[in-house]
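This briefing goes through the structure shown below by topic.

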Number of protein chains: 2
Amino acid sequence: MAEKDDKDKKAREEELREKAGKANARPKNWMVPFLLLCLREWNSYGYELMERMTAFGFGAMNPGTLYRVLRQMERDGMVSSRWETSGDGPARRVYSITDVGEAYLRFWADSLEQYRRMTDTFFRLYTGRSPEREEE
Amino acid sequence: MAEKDDKDKKAREEELREKAGKANARPKNWMVPFLLLCLREWNSYGYELMERMTAFGFGAMNPGTLYRVLRQMERDGMVSSRWETSGDGPARRVYSITDVGEAYLRFWADSLEQYRRMTDTFFRLYTGRSPEREEE
DNA sequence: GGTATATATATGTAGAATGCACATAGACTG
DNA sequence: CAGTCTATGTGCATTCTACATATATATACC
């Protein structure tokens, strides 16, 4: 593979650094359970939920992504929505969690426990405290 | 939205249960750091790595996915490979981690710490208190 | 009144990740 | 020589998500 070897090692590492920063920041589908958690506490709407997601550790996100996820969640029956026009600003689509959504949240919590074990395994190996594990 | 209300609640929950089981089991891109972690210990090949991934908590995975990820990692310069034909069975493509791969692993470990905080936040909200985790 | 800004929601497009089915092939077994 | 285990790969479709862009309402200011 002597095709792009004009890049030196440092340049590659920089490239990988960017890639690591982008690709790993957000695991797939985590927004859904976190949104459900928020809606379990109180009904809310996209613009407000966006701010709360940011506080949860999702970096500044594109609004379009969030709104699209919310609509998909409604199609899946996890949440229901109604228009709220009594407020001051523009009309808001206020979401509520459904029974199905709460059920989904329970299933998801089980999966998260698995994540946790994987995370612990990773750090146990990464920091060098490898259990035993012998070669083939 | 009285379009698909012929489905009763139970059917929807079942549907969501399937969805939860599939969609959440594996966060995006976790295979890469775990593979790098394995290859840091000793060089290995796809078929063997697949078994080790299973042990890490990735359920039985499709071989095609793993092989495809490995080739992509090589294109990214994280690993290098050579054919091993001295063994008994068919030839194996044996992978080794590169300096770039080790660097990527370091960046990734930092991101993983963020995951951990997100996970803790989730359970703190979900169960109402912080989960029992022994800190080092 | 007219213009800018903040609030609020949504779509169009493209790329990446991944699952599933399927393809290829060597080596051993009966 | 058919079947099975090992081992690696491709094609296709779906899903998730980032980015840019569009739309509309309310408020502030001149």
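In this predicted model, the side chains of B:Arg52 and B:Glu41 are joined by a polar contact of 3.3 Å. B:Arg52 belongs to helix 3 of chain B, while B:Glu41 belongs to helix 2 of chain B.

**The B:Arg52 and B:Glu41 pair**

- B:Arg52 counts as buried because its relative accessibility is 8%, below the 20% cut-off.
- B:Glu41 counts as partly exposed, because its relative accessibility of 30% falls between the limits of 20% and 50%.
- B:Glu41 and B:Ser96 are 55 residues apart along the chain, and their C-alpha atoms are separated by 9.7 Å.

**B:Ser44 and strand 1 of chain B**

- Strand 1 of chain B covers residues 44–45 and contains B:Ser44.
- With a relative accessibility of 1%, B:Ser44 is counted as buried.
- The side chain of B:Ser44 makes a polar contact of 2.2 Å with the side chain of B:Glu48.
- Once neighbours within four places in sequence are set aside, the contacts of B:Ser44 are B:Leu39, B:Leu49, B:Arg93, B:Val94 and B:Tyr95.

**Helix 3 of chain B**

- The buried residues in helix 3 of chain B are B:Gly46, B:Glu48, B:Leu49, B:Met50, B:Arg52, B:Met53 and B:Phe56.
- These buried residues of helix 3 pack against helix 2, strand 1, helix 4 and strand 3 of chain B, and also against helix 5 of chain A.

**Helix 2 against helix 4 in chain B**

- Helix 2 (residues 31–41) and helix 4 (residues 63–75) of chain B have axes that come within 11 Å and cross at roughly 75°.
- The two helices of chain B, helix 2 and helix 4, are therefore roughly perpendicular, a term that applies to angles of 65 to 115 degrees.
- Sorted by class, the residues in the contact of helix 2 with helix 4 of chain B are eight nonpolar, one polar and no charged.
- On the helix 2 side of chain B, the residues that meet helix 4 are B:Met31, B:Val32, B:Leu35 and B:Leu36.
- On the helix 4 side of chain B, the residues that meet helix 2 are B:Thr65, B:Leu66, B:Val69, B:Leu70 and B:Met73.

**Nonpolar cores**

- The largest nonpolar core contains 33 residues, and those with the most contacts inside it are A:Phe122, B:Leu36, B:Met53, B:Phe58 and B:Met73.
- At least two residues of this core come from each of helix 5 (99–126) of chain A and, in chain B, helix 2, helix 3 (46–56), helix 4, strand 3 (92–97) and helix 5 (99–127).
- With eight residues, helix 2 of chain B gives the most to this core.
- Which residues does A:Phe122 touch, not counting those up to four places away in sequence? They are B:Pro33, B:Phe34, B:Leu37, B:Leu105, B:Trp108, B:Ala109 and B:Leu112.
- There is a second, separate core of 32 residues, which includes A:Phe34, A:Phe58, A:Leu70 and A:Leu112.

- In chain B, B:Asn29 sits in the loop between helix 1 (9–23) and helix 2.
- B:Asn29 has a relative accessible area of 29% and is partly exposed.
- The C-alpha atom of B:Asn29 is separated by 9.2 Å from that of B:Val69, although the two are 40 residues apart along the chain.
- In chain A, A:Asn29 sits in the loop between helix 1 (9–23) and helix 2 (31–41).
- A:Asn29, at 29% relative accessibility, counts as partly exposed.
- A:Asn29 and A:Val69 are 40 residues apart along the chain, with their C-alpha atoms separated by 9.3 Å.

**Chain A overall**

- Five helices and three strands make up the secondary-structure elements of chain A.
- Along the sequence, these elements of chain A follow the pattern α-α-β-α-α-β-β-α.
- Chain A has 136 residues, of which 42% count as buried.
- Among the contacts in chain A with a separation of 6 or more, 45% are between residues 24 or more positions apart.

Terms used. Residues are numbered from 1 along each chain as its sequence is written. Chains are lettered from A and ligands numbered from 1 in the order in which they are written. This is a predicted model: local features need pLDDT of at least 70, side-chain atom pairs count only at pLDDT 80 or more; totals for chains, interfaces and linings use all residues. Side-chain values use heavy atoms; hydrogens and water are left out. Helices (H or I, at least four residues) and strands (E, at least two) are DSSP runs, numbered from the N terminus. Buried means under 20% relative accessible area, exposed over 50%, partly exposed in between (1.4 Å probe, protein chains only). A polar contact is a pair of N or O atoms within 3.5 Å; within protein, one must be able to donate a hydrogen and the other to accept it, and residues adjacent in sequence count only if both atoms are side-chain atoms. Contact means heavy atoms within 4.5 Å. Axes are lines fitted to C-alpha atoms, for helices over the stretch in contact, and angles run from 0 to 180 degrees between N-to-C directions. Angles under 35 degrees count as roughly parallel, over 145 as roughly antiparallel, 65 to 115 as roughly perpendicular and the rest as oblique. Ala, Val, Leu, Ile, Met, Phe, Trp, Tyr, Cys and Pro count as nonpolar, Asp, Glu, Lys and Arg as charged, and the others, Gly among them, as polar. A nonpolar core is a set of buried Ala, Val, Leu, Ile, Met, Phe, Trp, Tyr and Cys residues joined through side-chain atoms within 4.5 Å.
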